Amino acid sequence: MYKYYKPNIVRRALNLWPPFWGAGINITHISDDFRAVDVNLKLRWWNKNANRTQYGGSIFSLTDPIYALMLIGILGHEYYVWDKQADINFLKPGSSDLNAHFIISDDCVRWIKQQTADGDKCFPEFVVNVMNADGDTVATVKRVLYVRKKPQFREESSREREEGLGFEEHISSESKITSEKVHQ
């Protein structure tokens, strides 16, 4: 999968993906390093709500997989990356085409790699503003992701290095310690 995970291929595939295509969502740009993505949501007759403005579900959908897909492109096949939680705050009606600019900084990537080096889970939070044609913020979306290094790529924890324990020995020694505490 990852040899085909290139910005232009991902952009084209998502623009043909029925949930995006049907909602009028179009990814206009993905940077070569996956650190910046631009997304547009067209206002069409089929994605208007009863008030003749952008349907809230379409606004929310335009943010749905973007940060996860960016991190997959940045971190590669060594990591699990999932959307975990999301929150949207609608600020004003979307009465025109909308757009959003997604960015992941180098500092954020370093922090994620540092947090997950020993196999720990990491829950980075990202906020993106959805803007109308006038540049006004229509909605603010907070996304929380789940990131964890896959077991075969994890570094040994400091305790395992100190004690010379591998994963199986670590698990059995933890079980032994827990078992001893229960029987005392």
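## Confidence in the model

The mean pLDDT of the protein chain is 86, and 83% of its residues reach a value of 70 or more. Over residues 170–184, however, the pLDDT is below 50, and this stretch has seven contacts in the model beyond near neighbours in sequence. Where pLDDT is low, the predicted coordinates should not be read in detail.

## Overall organisation

The protein chain contains seven helices and seven strands, which follow one another along the sequence in the pattern α-α-β-β-α-α-β-β-α-β-β-β-α-α.

The chain has 184 residues, of which 38% count as buried. Its accessible surface comes to about 11000 Å², and carbon and sulfur atoms account for 51% of that area.

Rolling a probe the size of a water molecule over the atoms shows where empty space is left. In this model the count comes to one cavity of 30 Å³ or more, and the largest cavity holds about 60 Å³ of space.

Which residues line the largest cavity? They are Val10, Leu14, Ile27, Ile30, Phe34, Val37, Ile66, Leu69 and Met70, and by type they divide into nine nonpolar, no polar and no charged residues. Helix 1 (7–16), strand 1 (25–30) and helix 4 (66–75) each supply at least two residues of this lining, with the largest share, three residues, coming from helix 4.

Most residues other than glycine have a negative phi, and most peptide bonds are trans. Is Phe34 buried or exposed? With a relative accessible area of 5%, which is under the 20% limit, Phe34 is buried.

Arg52, too, is not a glycine and yet has a positive phi, in this case of about 70 degrees. Its place is in the loop between strand 2 and helix 3 (56–61). Arg52 counts as exposed, because its relative accessibility is 53% and the cut-off for exposed residues is over 50%.

Definitions and conventions:
Residues are numbered from 1 along each chain as its sequence is written. This is a predicted model: local features need pLDDT of at least 70, side-chain atom pairs count only at pLDDT 80 or more; totals for chains, interfaces and linings use all residues. Side-chain values use heavy atoms; hydrogens and water are left out. pLDDT is the predictor's confidence in each residue, from 0 to 100. Contact means heavy atoms within 4.5 Å. Helices (H or I, at least four residues) and strands (E, at least two) are DSSP runs, numbered from the N terminus. Buried means under 20% relative accessible area, exposed over 50%, partly exposed in between (1.4 Å probe, protein chains only). Accessible areas come from the Shrake-Rupley method with a 1.4 Å probe; for residues, only the protein chains shown count as cover. On a 1 Å grid over the protein atoms alone, a cavity is a set of points where a 1.4 Å probe fits but cannot get out, and a pocket is an open set with protein on both sides within 12 Å along at least five of seven lines; lining residues have an atom within 4 Å of a point. Grid points are joined across faces, edges and corners, and a volume is the space filled by probe spheres set on the points. Ala, Val, Leu, Ile, Met, Phe, Trp, Tyr, Cys and Pro count as nonpolar, Asp, Glu, Lys and Arg as charged, and the others, Gly among them, as polar.
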